[in-house]
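Dear colleague,

Please find below the structure that I am handing over to you. My notes on it follow directly after.

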Amino acid sequence: MTSSSTRPVSAEYPKLPARLRLVARADGVLLARHEFTRGRVTVGSAPGNDLVLEHPTVSRKHLELSAEGDALHVKDLQSKNGTRLFGLKLTEGFVSVGHVLVVGLVELRVEDGTRADAATFGGLLAVSDPMRDVLERLRALASTTKPVLLTGEPGVGHDAAARALHLGGPRATKPLELVSGRTLAAANGEAMLLGHAKGVVPGAGERAGVLVKASGGTLVLDGPEALPLALQTKLLTALQAREVERLGDGARAPIDVRLVTTSDKDLSAEVKAGRLSPELFRFLSAESVVLPPLRERLDDLPVLVRQMLEALGPRARGFSVSAETLARLEQHPWPGNVAELRDWVEQALAVGGDTANPGATLDDEAPEPAPPTPQTLDYKRARDEVLTSFEKEFVTHLLRTFDGNISKAAREAGVDRAYLHRLIKRHGLDAS
């Protein structure tokens, strides 16, 4: 990036929307947001800024932005910890919608403020820019027959995205089969995949395999890395030959399958570790889509909660979630992503029960207890008390969720393993 404010705006920048939105997050937690049209916007920790970021790495007057033509002009105001874009220190330059500035240790994303209505595709909803981008990508892939690999953290909604690909394409009325690699890795997995003649599986008659059942439609395979290597080879052979050979009698049957694979693992690492065939990986990942974690699409919280309540039918009728509760939910880090949010909705509804009055709100059943009331009126001490309480409860939740496996807990929480060790020690917790 250039340090000169006279740099011409490049043609690579699309036209700015009439309204812009700045969304600030630190460690995945929403700090603040600010919407504006034109004019100058200042960002910093001091109260007088347009966007106030109460974070120790943000200077009192950190940076300013101003719309110039088709891009946003950014100027760092000689901040202590600097401003970065694409990993490079930025003194002065231009950004556009979708760019993320790193302000100290706070991520500041520039979003289209006019995109307020939820985008839909195959049962999926999105208000946030990251998920809108995913929906556009899925919509483009739905009409093809190419294999698609859906990855992302546990709980981001792999199955829902796979169903959307099926329902949003020309095969929507055809079969949809879902199978787990872990299930196929168990006994009779080859027979389940390819089918078998009578007598091959004790006590079972002749049965078609999932490849034949899904023919004409879509097969969703979750966790291909769990398949034995020999079965991975047979799966790839059948898909490439568009034909299966049934176990027991060798009967052949043509297949026409659109394969969608899902995984919460790094499949490149699984290949290097020898658990996934390189040939199968290349086939599966002809097209790939990374599903964003919930902490990066918090603008979707209201529509997701509403959709989940609607899916629960009559027993959720009359319930709603207040703006205050949604604001509190946005502060939760959601390590379990959309799956964790669904659990919260179910739990909150169960607590409300059938005795709740029509129109009752789910204000008091957040995924974690509300922060305790500070024991002091001194702002800095009160803030430190709340942060300390949150840290201890969150780390305790992590250790319980992952049975004391610190490496996995750190990875899923998106923090450094050494830092998690320090938090455990700081709060006197026992990892076991």
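Helices (H or I, at least four residues) and strands (E, at least two) are DSSP runs here, numbered from the N terminus. Helix α9 itself covers residues 301-311, and its buried residues include Leu301, Val303, Leu304, Val305, Met308 and Leu309. In these notes, buried means under 20% relative accessible area, exposed means over 50%, and partly exposed lies in between (1.4 Å probe, protein chains only). An α-helix has 3.6 residues a turn, so residues three or four places apart point the same way.

Please note that this is a predicted model, in which local features need pLDDT of at least 70 and side-chain atom pairs count only at pLDDT 80 or more, while totals for chains, interfaces and linings use all residues. Residues are numbered from 1 along each chain as its sequence is written, and side-chain values use heavy atoms, with hydrogens and water left out.

Confidence

The pLDDT is the predictor's confidence in each residue, from 0 to 100. Its mean over the chain is 83, and 84% of the residues reach 70 or more. Over residues 1-11 the pLDDT stays under 50, and the model has 20 contacts for them beyond four places in sequence; contact means heavy atoms within 4.5 Å. Residues 353-371 also have a pLDDT below 50, with 37 contacts in the model beyond near neighbours in sequence.

Strands and sheets

Two strands are taken to pair if DSSP finds at least two bridges between them. Five strands form an open sheet with mixed pairing, in the order β4-β3-β5-β6-β9. Strands β4 (51-52) and β9 (92-95) stand at its edges with a single partner strand each, so one side of each has no neighbour in the sheet. Within this sheet, β3 (residues 40-44) and β5 (residues 63-68) are antiparallel and joined over four bridges, with Val43 having Leu63 in β5 as its bridge partner.

Strand β10 (residues 100-103) has Leu101 and Val103 on a covered face, and Val100 and Val102 on an uncovered one. It pairs with β7 (residues 83-85) in the antiparallel sense over three bridges, and here Thr83 stands opposite Val103. Strand β10 also pairs with β11 (residues 106-112), again in the antiparallel sense, over four bridges; the partner of Leu101 in β11 is Leu108. The hairpin of β10 and β11 has two residues between the strands, and Gly104 takes a positive phi near 65° in it.

Salt bridges

A salt bridge is counted where a side-chain nitrogen of Lys or Arg lies within 4 Å of a carboxyl oxygen of Asp or Glu. The structure holds 22 salt bridges. One of them joins the side chains of Glu35 and Arg21 (3.0 Å, N to O). This pair links distant parts of the chain, 14 residues apart: Glu35 belongs to strand β2 (residues 29-36) and Arg21 to strand β1 (residues 20-26). Glu35 is partly exposed at 33% relative accessibility, whereas Arg21 is buried at 7%. Both belong to a network of salt bridges that links Arg19, Arg21, Glu35, Arg109 and Glu111.

Glu245 and Arg252 form a further salt bridge through their side chains (3.2 Å, N to O). Glu245 is partly exposed at 41%, and Arg252 is exposed at 56%. In another, Asp249 meets Arg246 (2.4 Å, N to O); Asp249 is partly exposed at 43%, while Arg246 counts as buried at 19%.

The surroundings of Asp222

Asp222 is found in strand β18 (residues 218-222) and is partly exposed, with 23% relative accessibility. Leaving aside residues up to four places away in sequence, Asp222 touches Val179, Ser180, Gly181, Arg182, Thr262 and Ser263. Its side chain makes a polar contact with the side chain of Thr262 (2.8 Å). A polar contact is a pair of N or O atoms within 3.5 Å; within protein, one must be able to donate a hydrogen and the other to accept it, and residues adjacent in sequence count only if both atoms are side-chain atoms. The C-alpha atoms of Asp222 and Val260 are separated by 8.5 Å, the two residues being 38 apart along the chain.

With kind regards
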